[in-house]
Amino acid sequence: MSQNFQPPAPSSYTEAPAPAPAYSSPGIGVLAAVVAAVVAAGVYGGIIGGTNHQIGYAAVGVGALVGFAAGKAGGRSPALPAVAALLALAAVFAGQMFGIVLIYADELQVSALDILGQGTSPLLEVWKAEANPLTFLFLALGGYAAFQISRKTAA
């Protein structure tokens, strides 16, 4: 190595620009989570209607989709994981209700719209009658997955 090496003069150093803060919009995150919840509820209901069973992985998938949408679109807002968890709970519940509609529409040979036209009270009664510990476990799994994934995927 040569002893004659001289570092560049301090005036020739250029500082790297500070990284731009990540764009964060909790409103967009909530909107994305709502859209994801509606889509996931429909898919989960279709799975329940097609199999006549609730599937735990599907409930976790609902929560994961809602949490991912909230985290990626909304950034690091501290409220987003809780909002995502609530929306995932609502989506899993809506999926369970939609699954009941599809099952009974198939059994009664009527349109799902005919069953929905009866109102929500009969559906809630059927849901209450058929609810078991797994029903509530799947609700909790969906909410937990949404909370954790929203927190971990926030940009």
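By class, how many nonpolar, polar and charged residues does the lining of the largest pocket have? I will come back to that in a moment, after saying that what we are looking at is a predicted model.

The answer is seven nonpolar, six polar and one charged. The pocket itself holds about 260 Å³ of space, and of the 14 residues that line it, the closest to its centre are Ile48, His53, Gln54, Glu130 and Thr135. Among the helices, α3, α5 and α6 each supply at least two residues of that lining.

Let me turn to α1, where Ile48 is one of the buried residues, along with others including Gly29, Ala33, Ala36, Ala37 and Tyr44. What covers the buried residues of this helix includes α2, α3 and α6. As for its length, the 26 residues of α1 should span 38 Å at 1.5 Å a residue, and because its end C-alpha atoms are 36 Å apart, the two values agree. After α1 comes asparagine 52, whose phi is positive, near 60°.

Now the largest nonpolar core, which has 29 residues, and in which Tyr44, Val62, Val66, Val92 and Leu123 touch the most other members. At least two residues of this core come from each of α1 (26-51), α2 (56-74), α3 (80-108), α5 (120-130) and α6 (133-153), and α3 gives the most, with ten. To take one of these members, valine 66 is in contact with Ala33, Ala36, Ala37, Ala84, Leu87 and Ala88, if we leave aside its neighbours within four places in sequence. As general background, nonpolar side chains tend to be buried together in soluble globular proteins.

Key: Residues numbered from 1 in each chain as written. Predicted model: local features only at pLDDT ≥ 70, side-chain atom pairs only at ≥ 80, totals over all residues. Heavy atoms only, no water. Core = buried A, V, L, I, M, F, W, Y, C linked by side-chain atoms within 4.5 Å. Buried < 20%, exposed > 50% of the residue type's maximum accessible area, 1.4 Å probe, protein only. Helix = DSSP H or I, 4+ residues; strand = E, 2+ residues; numbered from the N terminus. Contact = heavy atoms within 4.5 Å. 1 Å grid on protein atoms, 1.4 Å probe; cavity = no way out; pocket = protein on both sides within 12 Å on 5 of 7 lines; lining within 4 Å. Points joined across faces, edges and corners; volume = space filled by probe spheres on them. Nonpolar A, V, L, I, M, F, W, Y, C, P; charged D, E, K, R; others polar. Expected span 1.5 Å × (residues − 1).
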